[in-house]
Amino acid sequence: DHRNENERIVSSFVEMKEKALTTPQNTEEVVIHMKYIETAQNTTLVELNKNIKENQGRMSYLLEYYALPMADITLNSSVLNWPTQISPVFDESYQIIAKAQKAGEDELKEKREKVILELEKLKQRVKEFVEFGDMDMMMQYLKDVQAVQRKCTEFTELIERINIEEDLFKWEPTEYPDVEFILTAVEPYHKLFSSVVKWQRSEKKWMDGNFLELDAEGTEAEVDEFGREVYKLVKQFNTLARKELATDEKDQKPSRTKKKE
């Protein structure tokens, strides 16, 4: 029983050392590692020291009355030495944590800067949509718009992960209003190019398809629907233009004030 208890204590110290000297690979692991070291020092180590103290009475008795095998004597010594040996392990662990935390913070800052730059590129891409007027390129325009929307979805997921990491580091969460701006700005273009592609397909069917298969009432309803869709799009683009004008004026206002001063 004494040997089994000693082996359990030694095994606990060995496991503690291995975990303490493990290098965290990401922000979440850094936080988990910090919590583990705190628990190991304040709870696990205290309990193990208590177990060792309880073992010492039995250990003294056995050493006095029995000729123990060398393996047990070595095991007893190992148990008594571990509390001293584990102390520098914790010091080294804190150095590992500090290094990993610094690397994680630098990586997180890099992610945030990259998102800002990529969102700025997407904003410029959206501004180019106003020049897209070639009727033969409508399908490609639609694919371009959809690519921007997919990219925004990817950025939304990335931003969620960034905010989680910021929370782990106790940083203020970063907001990226450009994502919502891009999605709002690109929506009418998506509707426009989608409508044009649908119109082109319908027009080809009406003009080049089998005349006897045409449904007059259905065709009229489709044309009316296209008309209503275009009317809504005109209103959307007018609203978007007014917002952009207001934003431009707001951006220019400080520079004019400064010049006046």
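# Exercises: helices and rings

Helix α1 (residues 2-20) and helix α3 (residues 70-128) have axes that come within 9 Å and cross at roughly 15 degrees. Bear in mind that this is a predicted model.

**Exercise 1. Work out how α1 runs relative to α3: parallel or antiparallel?**

Step 1: start with the crossing angle, which is roughly 15 degrees.
Step 2: angles under 35 degrees count as roughly parallel.
Step 3: so α1 is roughly parallel to α3. To finish the picture, the two helices cross with left-handed geometry.

**Exercise 2. Look at the loop between α4 and α5 and describe Lys 170. Is it buried or exposed?**

Step 1: check the backbone. Phi of Lys 170 is near 65 degrees, which is a positive value in a residue other than glycine.
Step 2: check the surface. The relative accessible area of Lys 170 is 74%, and exposed means over 50%, so Lys 170 is exposed.

**Exercise 3. Classify the ring pair of Trp 199 and Trp 206: stacked or edge-to-face?**

Step 1: recall what you need, since a pair of aromatic rings is described by the distance of the centres and the angle of the planes.
Step 2: the structure holds 12 aromatic pairs. For Trp 199 and Trp 206, the ring centres are 5.4 Å apart and the planes stand at 80 degrees, so this pair is edge-to-face.
Step 3: Trp 206 counts as buried at 13% relative accessibility, while Trp 199 is partly exposed at 30%.

**Exercise 4. Follow Trp 199 to Phe 226: which helices does this pair tie together?**

Step 1: get the geometry. Trp 199 and Phe 226 make an edge-to-face pair, 5.3 Å centre to centre with 85 degrees between the planes.
Step 2: find the helices. Trp 199 belongs to helix α5 (residues 177-208) and Phe 226 to helix α6 (residues 216-260), so the pair ties together parts 27 residues apart in sequence.
Step 3: check Phe 226 itself, which counts as buried at 14% relative accessibility.

**Exercise 5. Find which rings are linked into a cluster, then look for a charge over a ring.**

Step 1: trace the ring pairs. They link Phe 129, Phe 132, Tyr 141, Tyr 189, Phe 193 and Phe 237 into a cluster.
Step 2: now go to Phe 181. The charged end of Lys 123 sits over this ring, 5.4 Å from its centre.

**Exercise 6. What does the side chain of Glu 225 make a polar contact with?**

Step 1: locate Glu 225 in helix α6.
Step 2: look at its surface; Glu 225 is partly exposed, at 39% relative accessible area.
Step 3: follow the side chain, and you'll find a polar contact of 2.8 Å with the side chain of Arg 228.

**Exercise 7. How far apart in space are Lys 204 and Val 130?**

Step 1: find Lys 204 in helix α5; with 54% relative accessibility, Lys 204 counts as exposed.
Step 2: go from C-alpha to C-alpha. Lys 204 and Val 130 are 26 Å apart in space, and 74 residues apart in sequence.

Technical notes:
Residues are numbered from 1 along each chain as its sequence is written. This is a predicted model: local features need pLDDT of at least 70, side-chain atom pairs count only at pLDDT 80 or more; totals for chains, interfaces and linings use all residues. Side-chain values use heavy atoms; hydrogens and water are left out. Rings of Phe, Tyr and Trp (its six-membered ring) pair if their centres lie within 6.5 Å; planes under 30 degrees apart count as stacked, over 60 as edge-to-face and the rest as tilted. Buried means under 20% relative accessible area, exposed over 50%, partly exposed in between (1.4 Å probe, protein chains only). Helices (H or I, at least four residues) and strands (E, at least two) are DSSP runs, numbered from the N terminus. A charge sits over a ring if NZ of Lys or CZ of Arg is within 6 Å of the ring centre and within 35 degrees of the ring normal. A polar contact is a pair of N or O atoms within 3.5 Å; within protein, one must be able to donate a hydrogen and the other to accept it, and residues adjacent in sequence count only if both atoms are side-chain atoms. Axes are lines fitted to C-alpha atoms, for helices over the stretch in contact, and angles run from 0 to 180 degrees between N-to-C directions. Angles under 35 degrees count as roughly parallel, over 145 as roughly antiparallel, 65 to 115 as roughly perpendicular and the rest as oblique. A crossing is left-handed if the near helix is turned anticlockwise from the far one by less than a right angle, and right-handed if clockwise.
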